[in-house]
Amino acid sequence: MPNQPVWKSYHVVTLVVAVATCLFTASLVGQLLSRFVWAFEPKSPDEQFVLQIAGTFFGLQIGGLVCFRYFLKWHGVGWREGFGLGKPIRMALLGFVACIAFLPVAWGLQNLMLWALPTMSKLLVDWGILKEAIKPELQSTVLAIQEKATPVWQSVALGILAVALAPVIEELMFRGILYRWIRDRGRPRLALWGSALLFGVIHFNLLALVPLTLFGALLAWLYQRSGNLLLPIFTHAFFNLINLLAIVYQEPLARWLESLT
């Protein structure tokens with residue numbers, strides 16, 4: 001990885017707290033404005049979705065980018081110097097190749113988890129460790145897109161967040177900040193697997209935990225090898241895009257595969 005600034009621990013902790021505060025504040029302000037200023041109290045899932053999307057967009061995307069800008073300013077560097085941004089076309093092509101190579105692994109692991117979670121949890125119930133077996137569920141975003149009753153505009157909004165916005169913020173935080181911060185303190189393995197595990201856990205889905213953790217490790221490795229944060233950003237974006245298309249066109253794809261067999 002090219003020579004890049006070492007992040008100061010105090011500033012890293014400040015950044016994490018600031019981003020979390022932005023997300024919480026945006027959600028809280030949205031709730032307060034809707035209830036006391038606009039006299040609007042969300043009652044249906046659609047109305048709650050509007051506030052959730054608005055809170056995520058203003059809090060995590062806009063607020064998060066502002067926090068990252070000040071973080072870089074504290075270290076006296078710009079975006080390119082701080083994260084090695086450059087060669088976008090080359091990074092996009094490499095990111096697409098990396099994504100295509102990892103997708104079969106991710107899908108295979110998710111299917112394995114779909115079988116393993118109920119089996120393992122049933123054993124834990126038999127041993128008296130758990131009270132009831134775990135029923136694996138897909139991520140809420142996936143379920144919302146799969147739901148036929150979901151309005152088109154909601155699916156489009158979720159798609160934009162998943163493909164265009166989330167990869168930028170998540171890669172800045174997990175690979176650009178946390179991975180490098182731990183690695184530069186002489187713990188490269190902890191940096192790779194620790195940031196990857198946190199990346200998997202933060203999605204709050206047992207079914208996706210293992211594939212997303214391995215995906216996080218791949219993204220950290222790509223960043224380490226290239227020194228360019230655009231590579232994991234593009235890989236992440238393509239990964240989300242292809243999974244999104246697979247969800248949206250699940251039935252036509254299934255019919256096409258049946259016709260081949």
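How far is the sulfur of Cys22 from the closest cysteine sulfur, and in which residue does that closest sulfur lie? The legends below describe close-up views of a predicted model.

**View A. Cysteine residues Cys22, Cys67 and Cys99.** The cysteine sulfur closest to that of Cys22 belongs to Cys67, at 3.7 Å. Because a disulfide requires sulfur atoms within 2.5 Å, this separation is too far for a bond. The count of disulfides by this rule is 0. Cys22 is partly exposed, with a relative accessibility of 24%. Cys99, in turn, is buried, its relative accessibility being 0%.

**View B. A nonpolar surface patch formed by Ile62, Val66, Tyr70 and Trp74.** Together, the four residues Ile62, Val66, Tyr70 and Trp74 present about 380 Å² of accessible area. One of them, Tyr70, belongs to helix 2, which spans residues 45-74. Tyr70 has a relative accessible area of 45% and is therefore classed as partly exposed, since that class lies between the limits of 20% for buried and 50% for exposed residues.

View C. Ala220 is buried, with 0% relative accessibility. When residues up to four places away in sequence are not counted, Ala220 touches Arg175, Tyr179 and Leu192. Ser195 is 25 residues from Ala220 along the chain, and the C-alpha atoms of these two residues are separated by 8.1 Å.

Notes:
Residues are numbered from 1 along each chain as its sequence is written. This is a predicted model: local features need pLDDT of at least 70, side-chain atom pairs count only at pLDDT 80 or more; totals for chains, interfaces and linings use all residues. Side-chain values use heavy atoms; hydrogens and water are left out. Patches are made of residues with over 30% relative accessible area and no salt bridge: like charges are joined within 9 Å, nonpolar side chains (Val, Leu, Ile, Met, Phe, Trp, Tyr) within 5 Å. Accessible areas come from the Shrake-Rupley method with a 1.4 Å probe; for residues, only the protein chains shown count as cover. A salt bridge is a side-chain nitrogen of Lys or Arg within 4 Å of a carboxyl oxygen of Asp or Glu. Helices (H or I, at least four residues) and strands (E, at least two) are DSSP runs, numbered from the N terminus. Buried means under 20% relative accessible area, exposed over 50%, partly exposed in between (1.4 Å probe, protein chains only). Contact means heavy atoms within 4.5 Å.
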